[in-house]
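I want to look up the metal site and then the overall fold.

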Amino acid sequence: MNDYLVKAYAFDGTVRIYAAKTTDLVEEARCIHDTWPAATAAFGKVLTGSIIMGAMYKGDQNLTLRIDGGGPIGGIVVTTNANGEVRGYVSQPHVHISTNDNKLADAYAVGNDGFIHVTKDLNVRNIFTSSSEIRTGDFAEDLTYYFTMSEQIPSAVGLGVLVDELNQAKAAGGFILQVMPGAKSETLDKIEANIHAMRPISELIAKEYTPEMIINEITKGDHQLVETMRLKYACDCHRERFASGLVALGKQELTNLINEKIPVETVCHFCNKKYVFTQDDLQNLLKNSK
Ligand code: ZN
């Protein structure tokens with residue numbers, strides 16, 4: 001696994017920038033979910049944007065993003081935490097759209113009629129959900145809009161996924177930049193000009209630009225690196241969770257399943273791992289259910 005994220009402060013600490021390379025985890029997600037190119041690009045951008053967002057939180061806090069723009073891909077759900085782990089799924093992985101401008105295929109896949117919902121579990125006994133409209137279906141633009149509207153933080157987001165001729169994720173990565181109060185207007189002008197002059201993120205990563213080099217493109221050297229973090233696709237599902245799901249069906253439904261005399265197979269949405277419950281397993285669940 002070569003994916004990692006770098007945190008930096010720039011321009012006298014008035015701007016924070018998080019940049020990441022996510023090629024391996026996006027390719028792993030593609031293999032798990034068998035996404036087709038437009039879906040790989042859309043899903044990869046959401047995985048990348050979310051994992052960078054997750055890195056802004058602490059300890060065991062985690063985030064769930066739900067994106068549903070009414071497009072052919074259906075819903076995208078991604079869960080991430082502050083330790084560089086992400087997992088997710090899409091409703092319709094078999095979406096491929098050919099456009100004249102290939103970069104926008106993912107925006108068509110997502111659609112532009114719906115919402116981004118961000119649920120934050122900050123481990124303070126409260127769960128917060130905030131939402132914003134999907135404007136274009138391009139997750140970089142829609143996430144920028146989310147930060148501005150829902151969190152009132154002026155931000156810039158760049159995300160890119162390059163799918164090669166074998167339909168594999170060849171390059172993926174991105175950055176999120178946030179402006180703190182007190183930033184000078186000439187700083188903002190400089191950032192805008194530098195970002196405008198940059199090549200697309202997917203192209204930079206394909207040319208082996210590192211997250212540090214991407215930050216350097218944005219600041220032209222006026223920054224301090226703060227932290228580096230490994231990133232990976234990780235699922236924390238376990239058998240007990242699926243067992244409680246079966247118990248929650250109730251005694252009658254469990255009895256029906258036992259009478260069908262075929263093992264029950266449950267599948268994790270996030271990693272496709274299968275958990276099989278035999279008739280004996282189901283009998284035990286029934287015995288232990290109240
Ligand atoms: Zn799983």
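For the metal site, I count as donors the N, O and S atoms within 2.8 Å of the metal. This is a predicted model, which I keep in mind throughout.

Entry one, the site. I looked up which residues hold the zinc ion: Cys235, Cys237, Cys268 and Cys271 coordinate it, each through SG, at 2.2 to 2.3 Å. Read along the sequence, the donor residues follow the spacing C-x1-C-x30-C-x2-C. Cys235 sits in the loop between strand S11 (232-233) and helix H8 (239-247), while Cys271 sits in the loop between strand S12 (264-267) and strand S13 (274-277), so this pair ties together parts that are 36 residues apart in sequence.

Entry two, the geometry. Why do I call the arrangement tetrahedral? The 4 donor atoms around the zinc ion subtend angles of 104 to 116°, and the cut-off asks that all angles lie between 85 and 135 degrees. For reference, the ideal angle for four tetrahedral donors is 109.5 degrees.

I checked Cys235 and found it partly exposed, with a relative accessible area of 26%. Across the protein, buried residues make up 51% of the 290.

I find 10 helices and 13 strands. The radius of gyration is 21 Å, close to the 19 Å the globule rule gives for 290 residues, so the protein is as compact as a globular protein of that length. The C-alpha trace spans about 70 × 45 × 35 Å along its principal axes.

Of the contacts with a separation of 6 or more, 64% join residues 24 or more positions apart. I noted an accessible surface of about 14,400 Å², with 49% of that belonging to carbon and sulfur atoms.

Terms used: Residues numbered from 1 in each chain as written. Predicted model: local features only at pLDDT ≥ 70, side-chain atom pairs only at ≥ 80, totals over all residues. Heavy atoms only, no water. Donors = N, O, S within 2.8 Å, 3.2 Å for Na, K, Ca; no water. Tetrahedral: all angles 85-135°; square planar, octahedral: opposite > 155°, others 65-115°. Helix = DSSP H or I, 4+ residues; strand = E, 2+ residues; numbered from the N terminus. Buried < 20%, exposed > 50% of the residue type's maximum accessible area, 1.4 Å probe, protein only. Rg over C-alpha atoms; globule rule 2.2 N^0.38 Å. Contact = heavy atoms within 4.5 Å. Areas by Shrake-Rupley, 256 points an atom, 1.4 Å probe, with all protein chains shown as cover.
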